[in-house]
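Trainee: I have a structure open and would like to learn how to read it. Please take me through it feature by feature.

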Amino acid sequence: MNKKSDIAPCLAVMGTGSDVGKSVIAAALCRIFADRGLRVAPYKAQNMSNNSGVTPEGLEMGRAQIVQAEAAGIVPHVDMNPILLKPTSDVGSQVVLLGESIGNQTAMDYHQKKARLAQTANAALDRLRSKYDLVVMEGAGSCAEVNLLAHDIVNLPMAEYADAPVILVGDIHRGGIFAQLVGTLDCLPRHFRDRVAGFIINRFRGDLRLFADGVQWIEERTGLPVFGVLPWYENIRIDPEDSVVIERPRTVSVNTEGMPVVAVIRLPHISNFTDFDPLRGVTGLTVHFVETPQNLSAFSAVILPGSKNTRFDLAWLKTSGWESCIADFNAGGGHITGICGGYQMMGSRVHDPDGLEGEPGTTDGLGLLPVETVLQAPKTTTLSRFSWDGIQGTGYEIHMGQTRPHGGTPLLVLHERNGDAVNDADGCAVDHRRTIGTYMHGLFDTPAMITHWLNAVGITGIDVPATGGLDAKMQQYALLADHVRCHVDVERISTLVKIENKTR
């Protein structure tokens with residue numbers, strides 16, 4: 001601990017741009033320092049992502065900080081991500097403050113309220129620093145957006161508030177790593193530039209020895225150390241922070257003689273796409289995110305995922321040509337599963353009388369399930385325990401509105417929400433469960449549930465890993481920590497915040 005102030009020191013991980021690896025490196029550092037016996041907490045003042053989760057209190061926060069909390073071996077709390085922005089359009093987002101939605105705001109509206117929101121973010125960080133030995137902070141996007149620096153509440157001004165040294169992460173796989181690092185420093189005013197303590201270079205392919213002269217050039221040019229160069233890996237699966245990792249998926253050519261293939265429709269406002277990571281980890285099964293309309297007959301199943309703007313994405317399915325592709329697949333006996341917003345779209349209509357997602361009105365659904373949805377407050381955010389045909393599972397619900405069936409049969413039985421016992425039904429199934437929908441995120445986190453779903457969609461003969469859920473994730477966090485320890489000078493990083501090992 002910091003004996004002088006009796007509050008925890010902070011270490012900040014910031015980037016030269018989006019999707020350079022900040023979240024994953026922060027998760028690795030959380031695990032590494034937790035393995036040393038320290039009480040470590042993650043923190044990101046403001047997260048912009050439609051990939052969120054639910055805390056044990058039934059509050060909403062960004063999934064990246066949930067991942068980092070899991071890696072640190074602690075329970076996620078909204079102080080770790082006090083502000084979550086969930087984009088609903090190109091110029092507006094739903095604002096989630098300390099886990100609760102406070103409505104949709106345009107970028108300009110939000111910008112004008114930043115001073116007050118900064119106070120909320122600072123207070124959340126102060127609370128974490130009073131409870132933990134170390135706080136690993138994460139920045140957002142590029143930390144050198146010069147037009148935003150004056151009002152930035154997540155990058156260098158927040159590091160300055162916390163008096164945190166900054167590790168700057170760059171992605172060599174994108175090319176231009178020298179310009180990324182040097183250019184970022186050159187864009188910063190002196191007081192922010194001096195806060196950068198060194199670099200981590202991420203996603204290197206090839207022989208690391210061939211980049212030794214590159215490391216030397218960076219260190220001589222900047223006067224700062226390269227703490228490590230992380231090689232590309234394929235064997236570690238960590239939930240990504242945002243859907244940038246699945247942007248612009250191409251038309252998929254399916255070899256019908258090969259392994260079974262599942263298509264996930266990549267909606268414009270896709271949310272919680274990590275629902276399908278457990279499926280992607282099943283050997284013998286291929287999962288593709290597809291965006292361009294195509295014939296779906298070669299796929300074993302099609303999934304309509306969650307959405308942060310159900311009516312917009314429903315209209316997109318209709319105007320893009322996807323509606324007819326999905327209808328043809330359904331008419332041909334194909335298996336279709338809808339999750340959350342995808343479930344809402346599969347019904348007859350989606351009503352938004354109060355304009356929660358935009359202009360008030362009603363949009364006709366895809367007509368695949370006999371259900372009808374009304375979007376309305378308050379927002380449902382629950383950790384849930386459920387069963388499907390007696391098979392137990394755990395997941396979470398995040399949605400606006402209620403969906404009422406007028407036919408079909410319920411899919412799941414809910415036994416518990418946020419720790420309270422319930423006896424509710426969820427979802428809808430028709431055509432001998434060939435077409436199903438549910439609000440349950442995390443449906444595939446339980447191995448037995450994966451097997452049950454595979455059987456329901458006619459996919460058999462695949463061995464699902466015996467370990468799933470948090471146990472499987474903890475194994476991946478351990479692999480990630482080992483990978484970073486092997487290639488990054490963690491001892492040198494630990495001296496930045498003057499922390500000591502503790503007996504666990």
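The dialogue below goes through sheets, a cavity, an aromatic pair and some backbone details.

Mentor: This is a predicted model, in which local features need pLDDT of at least 70 and side-chain atom pairs count only at pLDDT 80 or more, while totals for chains, interfaces and linings use all residues. Residues are numbered from 1 along each chain as its sequence is written, and side-chain values use heavy atoms, with hydrogens and water left out.

Trainee: What is the order of the strands in the open sheet of six strands?

Mentor: Helices (H or I, at least four residues) and strands (E, at least two) are DSSP runs, numbered from the N terminus. Two strands pair if DSSP finds at least two bridges between them. In a regular strand the side chains alternate between the two faces of the sheet. Here the order is E15-E13-E16-E18-E26-E25, and the pairing is mixed. Strand E15 (286–290) and strand E25 (428–430) are the edges; each has a single partner strand, so one side of each is left without a neighbour in the sheet. From one strand to the next the twist averages 15 degrees, where axes are lines fitted to C-alpha atoms, for helices over the stretch in contact, and angles run from 0 to 180 degrees between N-to-C directions.

Trainee: In which sense do strand E18 and strand E26 pair, parallel or antiparallel?

Mentor: Strand E18 (residues 335–339) and strand E26 (residues 435–438) pair in the parallel sense, over four bridges.

Trainee: Over how many bridges do E21 and E22 pair?

Mentor: E21 and E22 pair over 14 bridges, in the antiparallel sense. Valine 371 stands opposite proline 405 in E22. Their hairpin has two residues between the strands, and aspartate 389 takes a positive phi near 55 degrees there. Strand E21 also holds proline 378, and the peptide bond from alanine 377 to proline 378 is cis, with omega near 0 degrees. E21 is joined by four bridges to strand E23 (residues 412–417), and these two run antiparallel.

Trainee: How many residues line the largest cavity?

Mentor: Rolling a probe the size of a water molecule over the atoms shows where empty space is left. On a 1 Å grid over the protein atoms alone, a cavity is a set of points where a 1.4 Å probe fits but cannot get out, and lining residues have an atom within 4 Å of a point. Grid points are joined across faces, edges and corners, and a volume is the space filled by probe spheres set on the points. There are two cavities of 30 Å³ or more, and the largest holds about 160 Å³ of space. The largest cavity is lined by 16 residues, with Ser307, Lys308, Ile398, His399 and Met400 nearest its centre. Strand E22 (391–405) gives two or more residues to this lining, as do helix H12 (341–345) and strand E21 (371–388). E22 gives the most, with three residues.

Trainee: At what angle are the planes of the rings of tyrosine 343 and tyrosine 439?

Mentor: A pair of aromatic rings is described by the distance of the centres and the angle of the planes. Rings of Phe, Tyr and Trp (its six-membered ring) pair if their centres lie within 6.5 Å; planes under 30 degrees apart count as stacked, over 60 as edge-to-face and the rest as tilted. The count by this rule is seven aromatic pairs. For tyrosine 343 and tyrosine 439 the planes are at 80 degrees and the centres 5.2 Å apart, so the pair is edge-to-face. Tyrosine 343 lies in helix H12 and tyrosine 439 in the loop between E26 and helix H13 (447–456), so the pair ties together parts that are 96 residues apart in sequence.

Terms used:
1 Å grid on protein atoms, 1.4 Å probe; cavity = no way out; pocket = protein on both sides within 12 Å on 5 of 7 lines; lining within 4 Å.
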